[in-house]
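Please read these points with the structure open beside you. They take up the interface between the chains, then the salt bridges and the aromatic rings.

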Amino acid sequence: MPTPRRHALLAEVPPVHAALPVVAAALVALAIGAGARASGLPAARSLVFALVPAALLVTLHVRTSGFLHDDQLAATLPLPIAPARRFGLAAARHARGLAAAMLWLLGGIALGAAPLGLGAPALCGLLLDALAVGVASLATEPFGAAVAARLGRRQPPGSWAEQLQHKLGGGWTLPEAVVHLYAPAGSLGLAGLLALPVQLAIDRAVDGHALLVGLGAAMLLAAAIAVGLRLAAPVLYRGGVFEAVPWLREAMRTLAGPPVPERASRWIAAVADPALRLVLLQHERLTPAPRLRLVLLLATAVVLALRGTPLSAGEVGLALALCALWLVPAAALLRHGAVRRAALAALPVRSPTTRARALLAAPVAVMLASIAIRVLRGEA
Amino acid sequence: MPLSIAGVTKRYGSRTILDGVTLSLAPGETVVLRGPNGTGKSTLLGCVCGQVVPDAGTIAIAGFDLRSAPLQARRHLRALPQEVELPAGITGREWLEIHADVFGAPRPSDAEVDPQLRPLLDHLAATYSVGLRRRLAFAAIALGPAALFVLDEPFAGVDTDGRARILEVLQARLGDGAAVLLAAHDHELGEIERLSPRIVALAPAAA
């Protein structure tokens with residue numbers, strides 16, 4: 001049988017989440033702008049080091065979902081499409097997504113650092129620091145997806161992999177889904193680690209220092225590891241994709257836990273508008289730890305509003321990070337929007353979208369108000 | 001009049017699917033749409049449910065025009081689509097409660113729920129089998145008073161017991177003055193006979 005040359009279904013990019021790289025870049029620009037104004041180039045470098053992997057993590061699912069998560073992938077699983085072909089298509093989409101995310105991030109960094117009046121070498125150094133993480137991610141993110149394919153399966157009883165699944169899952173999630181909790185952050189942590197010697201070398205060069213031999217060796221080792229991970233990824237993926245995808249679908253149906261979920265919060269159950277209640281229920285069940293994130297955001301907003309010292313860059317960064325932590329997981333609701341709209345289409349209800357967005361934005365408004373209070377008090 | 005369809009036309013590009021369809025359903029009446037694949041049964045049902053917008057013609061449910069009075073029309077409509085997709089993260093009980101609130105009906109007690117669904121009510125609905133999802137979707141639309149039931153292949157994937165329950169509920173609703181419009185295949189007609197239906201055959205529209 002001839003091998004099909006193109007698989008349009010697999011190559012399709014879902015339009016949902018298209019704004020996420022822009023939002024992440026804007027947040028990075030704001031944080032670096034605030035940080036650089038307060039503490040100059042060293043603060044800007046630290047923020048690039050910390051925020052670029054975090055921003056890439058926010059947009060990770062957009063570019064890696066072609067490896068295991070996409071509906072199209074599950075739908076085409078019965079077709080005789082070789083894992084190498086599946087990996088190749090997903091990797092191409094990942095590379096395009098990563099390039100787009102990096103372009104936005106580089107723009108955000110340049111914009112955020114502009115008020116500092118850095119010279120061209122220092123600004124280029126910041127951008128290259130960020131680019132180093134992006135290049136490393138080109139290898140580590142597909143590797144993370146491949147590890148998820150390999151370990152996201154039922155493992156032989158008593159094997160190290162099975163024990164690891166149970167240990168890391170803490171008994172509250174499906175063992176086969178455990179790897180999906182750790183692989184995304186793990187792959188970006190690894191990217192940050194591999195980029196570190198390169199970033200140090202760049203910063204030393206910008207500051208007029210010579211390249212240390214040890215640092216050069218570390219750079220070469222990091223490059224070799226990155227190439228090795230990229231080469232190993234399709235091999236690992238091939239050994240797991242056909243089983244990992246069905247397990248992942250099962251985990252998605254049960255929200256990676258038992259089929260009977262926790263009872264909804266009382267206040268949600270008491271919401272009179274049934275369409276809005278549906279969205280709130282989905283937010284509570286489909287996003288991670290919503291109550292914890294909300295409490296963190298609101299408590300920090302109160303603390304920030306009450307402090308007497310001038311607003312610092314770190315506080316702005318923390319506020320923005322908590323806002324992002326509150327808003328970004330809600331993108332899960334967008335993914336399920338089509339099914340929700342179809343289910344409500346023939347019912348006599350108003351669309352809950354505007355009210356749901358207002359509820360979601362309210363805690364962010366509280367945080368912004370608290371920052372505004374501090375700024376106004378500082379000026380007074 | 002539970003349903004009044006007048007001159008409904010629907011085209012996809014240059015292809016005409018429905019060409020001036022006119023149909024009325026009286027209280028207590030069942031109409032079964034028959035026809036080969038591609039004759040527009042699901043398109044017509046989609047038009048009645050407001051999920052497909054016709055190019056021409058009017059549709060009124062319980063006297064309310066679907067376009068000019070969309071909420072009022074939908075208050076009297078109960079629709080079961082061909083493929084039931086339930087929102088993620090919702091239990092069967094929550095799905096029933098949402099529908100009860102939407103339709104202004106009392107929330108059903110466990111005893112009132114389809115016995116096959118009862119032990120699974122607190123499970124996530126996405127974990128149900130195809131047949132159980134269909135039974136849950138039907139149980140949800142059966143809550144509260146209604147003028148019109150629109151069912152697209154309601155028995156697909158449903159076992160004998162489930163089909164009997166659906167028919168039993170529909171018979172009761174017909175007795176209350178509701179009308180039923182459904183699309184079904186020939187092999188299902190024997191069971192649907194219990195509803196004494198009028199058969200309306202759709203033929204391929206001229207291109």
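1. The side chains of B:Glu94 and A:Arg285 form a salt bridge, at 2.7 Å from N to O. A salt bridge here is a side-chain nitrogen of Lys or Arg within 4 Å of a carboxyl oxygen of Asp or Glu. A:Arg285 belongs to helix H11 of chain A and B:Glu94 to helix H3 (residues 92-102) of chain B, so the pair joins two chains. Helices (H or I, at least four residues) and strands (E, at least two) are DSSP runs, numbered from the N terminus. Both A:Arg285 and B:Glu94 are buried; buried means under 20% relative accessible area, exposed over 50%, and partly exposed in between (1.4 Å probe, protein chains only).

2. A word on how to read the values. This is a predicted model, in which local features need pLDDT of at least 70 and side-chain atom pairs count only at pLDDT 80 or more, while totals for chains, interfaces and linings use all residues. Residues are numbered from 1 along each chain as its sequence is written, chains are lettered from A and ligands numbered from 1 in the order in which they are written, and side-chain values use heavy atoms, with hydrogens and water left out.

3. How many residues of each chain are in contact across the interface? On the chain A side there are 25, and they touch 28 residues of chain B; contact means heavy atoms within 4.5 Å. The area buried between the two chains is about 2,300 Å², and carbon and sulfur atoms give 68% of this. Buried area is the accessible area (1.4 Å probe) that two parts lose on being put together, summed over both. A:Ala346, A:Leu347 and A:Pro348 supply 24% of the area that chain A buries against chain B, more than any other three residues.

4. Between chain A and chain B there are two salt bridges. Five residue pairs, both residues at pLDDT 80 or more, are in polar contact across this interface. A polar contact is a pair of N or O atoms within 3.5 Å; within protein, one must be able to donate a hydrogen and the other to accept it, and residues adjacent in sequence count only if both atoms are side-chain atoms. On chain A, the elements that give two or more residues to the side touching chain B are helix H11 (274-286) and helix H15 (337-345). H11(A) gives the most, with seven residues. That side of chain A divides into 18 nonpolar, three polar and four charged residues. For this division, Ala, Val, Leu, Ile, Met, Phe, Trp, Tyr, Cys and Pro count as nonpolar, Asp, Glu, Lys and Arg as charged, and the others, Gly among them, as polar.

5. The buried residues include B:Trp95, B:Leu96 and B:Ile98. Their cover includes H11 and H15 of chain A, together with helix H4 (130-141) of chain B. Just after H3(B), B:Gly104 takes a positive phi of about 65 degrees.

6. Over all chains the structure has 22 salt bridges. One of them pairs A:Glu176 with A:Arg154 at 2.5 Å, N to O. A:Glu176 lies in the loop between helix H6 (160-169) and helix H7 (178-206) of chain A, and A:Arg154 in the loop between helix H5 (120-151) and H6 of chain A, so the pair ties together parts that are 22 residues apart in sequence. A:Glu176 is buried, with a relative accessible area of 3%.

7. A network of salt bridges links A:Arg277, B:Glu97, B:Asp101 and B:Arg107.

8. Over all chains there are three aromatic pairs. Rings of Phe, Tyr and Trp (its six-membered ring) pair if their centres lie within 6.5 Å; planes under 30 degrees apart count as stacked, over 60 as edge-to-face and the rest as tilted. A:Phe67 and A:Phe87 form a tilted pair, 5.2 Å centre to centre with 50 degrees between the planes. A:Phe67 is in helix H2 (residues 20-68) and A:Phe87 in helix H4 (residues 83-113) of chain A, 20 residues apart. The rings of A:Phe67 and A:Tyr237 have centres 6.1 Å apart and planes at 75 degrees, so this pair is edge-to-face. A:Tyr237 lies in helix H8 (residues 213-238) of chain A, 170 residues from A:Phe67. A:Phe67, A:Phe87 and A:Tyr237 form one aromatic cluster.
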